Amino acid sequence: MEKTNNLNFLRMKQLIIKYITSIAILGTSALFTPNFNFESFPTLLLAAFTIVILDYMVAVVTGIHDSPTGRGIVGFVAATVIIYMTQFIVSGFYISVLSSIIAALIYGIIDYFIPNED
């Protein structure tokens with residue numbers, strides 16, 4: 001029972017860190033990347049939340065974050081697609097393919113350092 005509680009706490013901690021990281025990455029990328037903007041701060045918060053939830057769902061369904069390859073090129077491609085597709089889910093969030101690649105690269109580098117052990 002104690003192991004389950006620790007595991008749930010770790011997963012929740014990971015999701016919170018990824019959410020905060022997503023906000024920072026998206027906000028920073030929007031400042032320095034052409035063809036990437038959002039209408040308001042709440043739009044940024046919703047986009048970051050959407051990205052974290054989609055990333056979590058992809059990780060659970062495919063298990064791509066469980067291996068070094070999954071956290072590498074496969075994770076990068078998945079993150080690029082997730083970030084790009086977010087513009088179709090969140091109204092007021094606009095991003096180009098190049099901008100989603102840049103954001104996914106930064107997101108992947110930071111995600112590498114977030115603890116992912118059970």
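This is a predicted model: local features need pLDDT of at least 70, side-chain atom pairs count only at pLDDT 80 or more; totals for chains, interfaces and linings use all residues.

F88 has a relative accessible area of 56%, so it counts as exposed.

**Aromatic pairs**

- A search of the whole structure finds 3 aromatic pairs.
- In one of these, Y19 and F49 have ring centres 6.3 Å apart and planes at 80 degrees, so the pair is edge-to-face.
- This pair links distant parts of the chain, with Y19 in helix α1 (residues 2-32) and F49 in helix α2 (residues 41-62), 30 residues apart.
- Y19 is partly exposed at 25% relative accessibility, and F49 is also partly exposed, at 46% relative accessible area.
- Y84 and F88 form an aromatic pair too, with 5.7 Å from centre to centre and 75 degrees between the planes, which is edge-to-face.
- Both Y84 and F88 sit in helix α3 (residues 70-89), where they are 4 residues apart, or about one turn of the helix.

**Nonpolar surface patch**

- Which residues form a nonpolar patch on the surface? They are L98, I102, L105, I106, I109, I110, Y112 and F113.
- Together, these residues have about 800 Å² of accessible area.
- One of them, I110, is found in helix α4 (residues 97-112).
- With a relative accessible area of 32%, I110 is partly exposed; this value passes the cut-off for patch residues, which is over 30%.

How values were computed
Residues are numbered from 1 along each chain as its sequence is written. Side-chain values use heavy atoms; hydrogens and water are left out. Patches are made of residues with over 30% relative accessible area and no salt bridge: like charges are joined within 9 Å, nonpolar side chains (Val, Leu, Ile, Met, Phe, Trp, Tyr) within 5 Å. Accessible areas come from the Shrake-Rupley method with a 1.4 Å probe; for residues, only the protein chains shown count as cover. A salt bridge is a side-chain nitrogen of Lys or Arg within 4 Å of a carboxyl oxygen of Asp or Glu. Helices (H or I, at least four residues) and strands (E, at least two) are DSSP runs, numbered from the N terminus. Buried means under 20% relative accessible area, exposed over 50%, partly exposed in between (1.4 Å probe, protein chains only). Rings of Phe, Tyr and Trp (its six-membered ring) pair if their centres lie within 6.5 Å; planes under 30 degrees apart count as stacked, over 60 as edge-to-face and the rest as tilted.
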